[in-house]
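Student: I have a chain open in the viewer and would like to talk it through. Can we go over it piece by piece?

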Amino acid sequence: MPSITVKNLSISFPLYHENTRSLRKMAHLFVSGRLKQDQHKKILVQSLRDINFTLKQGDRVGLVGQNGAGKTTLLRTMAGIYEPITGHIRIEGNISTLLDPTVGMNFNLTGRENVQLKCSINGYSKQQTKEIEKNVEDFSELGTYLDLPVRTYSSGMQLRLGFGLTTAIDPQILMMDEWFLTGDAGFILKATKRIEHIAQNSQILVISTHSAEIIAKWCNRVLWLDQGFLKMDGTPEEVLPIYLNKPYEEIVGKD
């Protein structure tokens, strides 16, 4: 059964090329405690600070917070892209991520070859690979481009391939940034329907978003990040009115 346990998680990044002028502009970060010095006097930005929560099967979680609150950092850390400075993350189940459409792709291979490569890495049978390949081909609508090197693709085509491949089989755990739901209207509609299908399959969904509409429609839980801290953890009905400072009925457009 899929689950995610995050305990005492903290992430810091070194601030390179700092100077007097840039530090003066970031004085508010010193005041808020987000900047600190390590033992080598190097200035660090504390992106996440002592985060604790547990997700279980059926949780569909919206990450909210102002820009720079730590939402993307948390997603990337749970996905294994960043290493915790302190604390730990324990994940049970396979993860698919929609954070960067080109992650894991070989730009010298064709789109079809990238599909086959990922299937091989994940241990799928030849029959499963054929089914996934057909699924990606139909969803992405890349046509003959699927047999051309990915380096020849536009960013929109890379997005279609990456999204189609990541969601071709219902993952146990899906993590995504809302910017994946961009592009032409046709793609947005198809992508939205596919994510809704995944969200309804009792697996774990974690999405970073500024959209209260997406949270109200897809999520049953909200984590509110503020200056690297987990400020609130609850249902959309509990968190959104406080986060947005307005009644829930007004947020979701109910009379």
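Student: Is the crossing of H5 and H6 right-handed or left-handed?

Tutor: In this model, which is predicted, the crossing of H5 and H6 is right-handed.

Student: And which residues in H5 meet which ones in H6?

Tutor: From H5 the contact takes in Ile 132, Val 136, Phe 139 and Ser 140, and these meet Arg 160, Leu 161, Phe 163, Gly 164 and Leu 165 of H6.

Student: What angle do H5 and H6 pack at, and how far apart are their axes?

Tutor: Helix H5, which covers residues 126-140, packs with helix H6, residues 155-166, at an angle of about 140°, and their axes are 9 Å apart. Since only angles over 145 degrees count as roughly antiparallel, the two helices are therefore oblique to each other.

Student: Is Glu 141 buried or exposed?

Tutor: Glu 141 counts as exposed, because its relative accessibility is 56% and the cut-off for that class is over 50%.

Student: Switching to cysteines: how many disulfides does the count come to?

Tutor: The count comes to zero disulfides, under a rule that asks for a pair of cysteine sulfur atoms within 2.5 Å.

Student: Are Cys 119 and Cys 219 buried or exposed?

Tutor: Cys 119 is buried, at a relative accessible area of 2%, and Cys 219 also counts as buried, with a relative accessibility of 9%.

Student: Last one, on the chain as a whole: how many helices and strands are there, and what share of the residues is buried?

Tutor: The secondary structure of the protein chain comes to 10 helices and 10 strands, and 45% of its 255 residues count as buried. If you take the contacts between residues at least 6 apart in sequence, 71% of them join residues at least 24 apart.

Notes: Residues are numbered from 1 along each chain as its sequence is written. This is a predicted model: local features need pLDDT of at least 70, side-chain atom pairs count only at pLDDT 80 or more; totals for chains, interfaces and linings use all residues. Side-chain values use heavy atoms; hydrogens and water are left out. Axes are lines fitted to C-alpha atoms, for helices over the stretch in contact, and angles run from 0 to 180 degrees between N-to-C directions. Helices (H or I, at least four residues) and strands (E, at least two) are DSSP runs, numbered from the N terminus. Angles under 35 degrees count as roughly parallel, over 145 as roughly antiparallel, 65 to 115 as roughly perpendicular and the rest as oblique. A crossing is left-handed if the near helix is turned anticlockwise from the far one by less than a right angle, and right-handed if clockwise. Contact means heavy atoms within 4.5 Å. Buried means under 20% relative accessible area, exposed over 50%, partly exposed in between (1.4 Å probe, protein chains only).
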